[in-house]
Amino acid sequence: MSTPPDAKTRPSRTINQNPDAMPPLSKAIPLGLQHIMAMFAGNVTPPIIIAGVIGANPAEQIFLIQVALFVAGVSTLVQTIGIGPIGARLPIVQGTSFGFLPVALPLAKAFGLPAVLGASFVAGLLQFVLGAFLKKIRHWFSPVVTGIVVLLIGITLMPAGLNYAAGGVGADDFASPSNLLLALFVLSMTIAVHQYGRGFIKASSILFGLLAGYIVAIALGIVDFTSLSNAAWFAFPKPLEYGMTFSGTAIIGMTLIMFVVGLETIGNISAITTTGAGRPAQDRELSGGVMADGVATSLAAVFNTLPNTAYAQNVGLITLTGVVSRHVVTIGGLLLIAMGLFPKLGGLVAAMPPAVLGGAGVVMIASAGLKIIKECELDQRNMLIIAVSLSLGIGLPAVEEISETMPGQLGLLLKSGLVPAALAALLLDAILPGKPDRRAKLAKAEAEYQNR
């Protein structure tokens with residue numbers, strides 16, 4: 001029998017490289033659990049932070065953790081299984097996004113959580129529209145733009161991580177040696193496991209650091225399990241518990257960040273197909289993935305939690321293991337849903353001392369910002385865009401008097417620094433000469449894949 005003419009040039013694909021392949025359950029279940037371990041700490045930390053901002057009591061904090069787990073599970077299934085054109089049908093784990101926190105925190109302080117949820121709901125709908133038309137506008141957002149925003153997200157959230165490491169703002173023992181030493185222990189354990197661990201242990205270094213810190217805190221007698229004992233064993237997350245209000249300022253802020261976080265999802269999808277499946281991402285996968293991100297964000301608002309996004313740490317786990325099966329992540333999504341239905345688990349997490357979370361949060365927050373190094377080519381043009389954007393993003397929050405002089409609620413958008421920095425990066429990247437023709441480059445890559 002003759003050999004097809006392209007047999008030598010067509011890339012071979014093992015079962016691990018095929019997103020539609022299903023490993024045996026004996027392997028798929030542990031692999032799915034591994035994905036949950038890698039994202040668990042990052043998923044529950046944002047609702048804990050927002051709970052502190054709005055002054056939530058222990059029962060409300062448990063509820064916010066519960067809904068974060070439940071929504072992450074449902075949203076993950078939307079990505080892996082798909083609904084019509086919605087969903088990338090790739091091994092994408094969804095979770096609560098850190099990216100929205102720099103804007104959500106000041107909005108929650110000014111308008112309350114209902115305004116943040118209302119703005120998130122609208123932003124999710126707009127992200128769905130963005131995904132539907134992604135092919136036509138994808139070239140607008142270059143790596144320098146997304147890289148700047150990712151860096152600023154990390155910089156903006158660093159004080160939040162350090163405040164938790166010190167014991168939480170308002171704590172009687174804030175910045176006490178015991179809190180700082182506990183946070184340092186968690187940080188040290190996380191670094192040690194990451195450097196010397198292997199496989200899923202290395203990928204779950206943050207979770208192991210949290211567990212180690214939690215055990216030490218229990219041994220020291222500084223953990224209050226009252227909230228855990230009062231939590232129910234089973235409860236279905238109640239939608240619209242806090243309601244929604246719609247503030248123009250909040251909607252503008254959350255929508256602007258939504259566009260950037262959507263681009264981060266595009267990068268994660270591309271990383272999965274390139275490093276895991278050995279091919280570029282298809283327009284269908286990118287469009288479906290961003291639309292699913294939008295659905296997840298609106299769903300999260302209905303269930304009282306912050307916007308969802310594709311988790312980069314799970315992309316790294318896929319690269320590490322080489323297993324690209326979407327069915328493995330589907331199992332992980334089912335596990336997340338089950339965890340979200342048992343508030344006792346939320347109570348267990350809510351009882352964790354702030355210093356323990358802060359020690360791990362320093363790692364999560366700082367590492368996100370460093371992505372800009374891989375995203376951008378540091379030529380003179382990009383350096384100018386970076387310099388101007390970072391000056392606004394870091395300078396405006398540091399000099400609050402500027403935002404306070406702005407008319408109406410414009411000052412609130414300027415206060416975080418992230419929104420003006422993102423707008424500056426988009427504008428400068430569009431008007432400065434020397435911008436590469438990304439439209440042609442992207443079209444060429446898609447055509448090359450279709451002709452393989």
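**View 1. Helix H15 and what covers it.** In this predicted model, the cover over the buried residues of H15 includes helix H1 (25-53), helix H2 (58-80) and helix H10 (226-230). H15 itself spans residues 343-350 and is mostly covered, with 6 of its 8 residues buried. The buried ones are Pro343, Lys344, Gly346, Gly347, Val349 and Ala350, so a lysine is on that list along with the glycines, by the under 20% cut-off for relative accessible area.

**View 2. Valine 67 in helix H2.** Here's a residue from one of the helices covering H15: valine 67 lies in H2, and H2 is part of that cover. Valine 67 counts as buried because its relative accessibility is 0%. Leaving aside residues up to four places away in sequence, valine 67 touches Pro237, Phe303, Asn304 and Thr305. Valine 44 sits 23 residues away along the chain, and the two C-alpha atoms are 9.6 Å apart.

**View 3. Asparagine 304, a loop residue with a positive phi.** Asparagine 304 is one of the residues that valine 67 touches. Its place is in the loop between helix H12 (283-302) and strand E2 (308-310). Phi is near 70° for asparagine 304, a positive value in a residue other than glycine. Most residues other than glycine have a negative phi. Asparagine 304 is buried because its relative accessible area is 1%.

**View 4. Leucine 240, another positive phi.** Leucine 240 lies in the loop between H10 and helix H11 (248-276). Phi of leucine 240 is near 55°, again a positive value in a residue other than glycine. Leucine 240 has 48% relative accessibility, so it counts as partly exposed, whereas asparagine 304 is buried.

**View 5. Asparagine 382 in helix H18.** Asparagine 382 belongs to H18, which runs over residues 380-398. With a relative accessibility of 11%, asparagine 382 falls under the 20% cut-off and therefore counts as buried. Beyond four places in sequence, asparagine 382 touches Val144 and Glu377.

**View 6. The second largest pocket.** This pocket has a volume of about 1,400 Å³. Its lining takes in 48 residues, and Gly52, Asn163, Tyr164, Gly168 and Val169 lie nearest the centre. Which helix gives the most to the lining? That's H6 (residues 143-165), with 7 residues. Sorted by class, the lining has 31 nonpolar, 12 polar and 5 charged residues.

View 7. For orientation, the chain has 22 helices and 2 strands. Buried residues make up 53% of its 452 residues. Among contacts with a separation of 6 or more, 84% join residues 24 or more positions apart. The accessible surface is about 19,600 Å², with 68% of that belonging to carbon and sulfur atoms.

View 8. Mean pLDDT for the chain is 82, and 86% of the residues reach 70 or more. Where pLDDT is low, the predicted coordinates should not be read in detail.

Definitions and conventions
Residues numbered from 1 in each chain as written. Predicted model: local features only at pLDDT ≥ 70, side-chain atom pairs only at ≥ 80, totals over all residues. Heavy atoms only, no water. 1 Å grid on protein atoms, 1.4 Å probe; cavity = no way out; pocket = protein on both sides within 12 Å on 5 of 7 lines; lining within 4 Å. Points joined across faces, edges and corners; volume = space filled by probe spheres on them. Helix = DSSP H or I, 4+ residues; strand = E, 2+ residues; numbered from the N terminus. Nonpolar A, V, L, I, M, F, W, Y, C, P; charged D, E, K, R; others polar. Buried < 20%, exposed > 50% of the residue type's maximum accessible area, 1.4 Å probe, protein only. Contact = heavy atoms within 4.5 Å. pLDDT = per-residue confidence, 0-100. Areas by Shrake-Rupley, 256 points an atom, 1.4 Å probe, with all protein chains shown as cover.
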